[in-house]
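Reader: Can you walk me through this one? I'd like to start with the aromatic rings.

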Amino acid sequence: MGEADHYRTLGLRRDASKAEVKAAFSRLALLHHPDRHAQADAATRRFRQVYDAYHVLYDDHRRAE
């Protein structure tokens with residue numbers, strides 16, 4: 001499958017600040033949280049993608065990789 005494009009997942013440009021990363025995560029986490037959807041499996045997968053993208057992009061060392 002290859003590495004996901006974390007910027008695309010969060011809808012951000014490559015020069016996004018930490019504040020923009022955090023805001024995008026917060027918005028998408030609320031939107032895709034499994035507790036808010038009847039189709040929990042699909043929502044869980046999407047939420048996990050958003051969560052993983054946030055953790056990579058918010059950490060300076062991971063983001064540099």
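**Rings, fold and charges**

Author: Lys18 lies over the face of Tyr58, 4.8 Å from the ring centre. A charge sits over a ring if NZ of Lys or CZ of Arg is within 6 Å of the ring centre and within 35 degrees of the ring normal.

Reader: What kind of model is this, and how are residues numbered?

Author: This is a predicted model: local features need pLDDT of at least 70, side-chain atom pairs count only at pLDDT 80 or more, and totals for chains, interfaces and linings use all residues. Residues are numbered from 1 along each chain as its sequence is written, and side-chain values use heavy atoms, with hydrogens and water left out.

Reader: Back to rings. How many aromatic pairs are there?

Author: The count is 2 aromatic pairs. Rings of Phe, Tyr and Trp (its six-membered ring) pair if their centres lie within 6.5 Å; planes under 30 degrees apart count as stacked, over 60 as edge-to-face and the rest as tilted. Phe25 and Tyr54 are stacked, because their ring centres are 4.3 Å apart and their planes are at 20 degrees.

Reader: Where do Phe25 and Tyr54 sit in the chain?

Author: They link distant parts of the chain. Phe25 is in helix α2 (residues 18-32) and Tyr54 in helix α3 (residues 40-58), 29 residues apart. Helices (H or I, at least four residues) and strands (E, at least two) are DSSP runs, numbered from the N terminus.

Reader: Is Phe25 buried or exposed?

Author: Phe25 is buried, at 15% relative accessible area. Tyr54 is buried too, at 13%. Buried means under 20% relative accessible area, exposed over 50%, partly exposed in between (1.4 Å probe, protein chains only).

Reader: And what about the rings of Tyr54 and Tyr58?

Author: Their centres are 5.2 Å apart and their planes at 25 degrees, so that pair is stacked. Both residues lie in helix α3, 4 residues apart, about one turn of the helix. Tyr58 is partly exposed, at 28%. Phe25, Tyr54 and Tyr58 form one aromatic cluster.

Reader: Switching topic. How many helices and strands does the protein chain have?

Author: It has 4 helices and 0 strands. The radius of gyration is 12 Å, close to the 11 Å that the globule rule gives for 65 residues, so the chain is as compact as a globular protein of that length. That radius is taken over C-alpha atoms, and the rule is 2.2 Å times the number of residues to the power 0.38. Buried residues make up 29% of the 65.

Reader: What is His6 in contact with?

Author: Leaving aside neighbours within four places in sequence, His6 is in contact with Asp52, Ala53, Val56 and Leu57. Contact means heavy atoms within 4.5 Å. His6 is found in helix α1 (residues 6-10) and is buried, at 16%.

Reader: Asp52 again. Which residue forms a salt bridge with Asp52?

Author: Arg48 does, with the closest N and O atoms 3.2 Å apart. A salt bridge is a side-chain nitrogen of Lys or Arg within 4 Å of a carboxyl oxygen of Asp or Glu. Asp52 is partly exposed at 31%, and Arg48 is partly exposed at 48%.

Reader: How many salt bridges does the structure hold?

Author: It holds 4. Among them, Asp5 meets Arg14 at 3.6 Å, N to O, and Arg13 meets Asp15 at 2.9 Å, N to O. Arg13 is exposed at 52%, and Asp15 is exposed at 56%.
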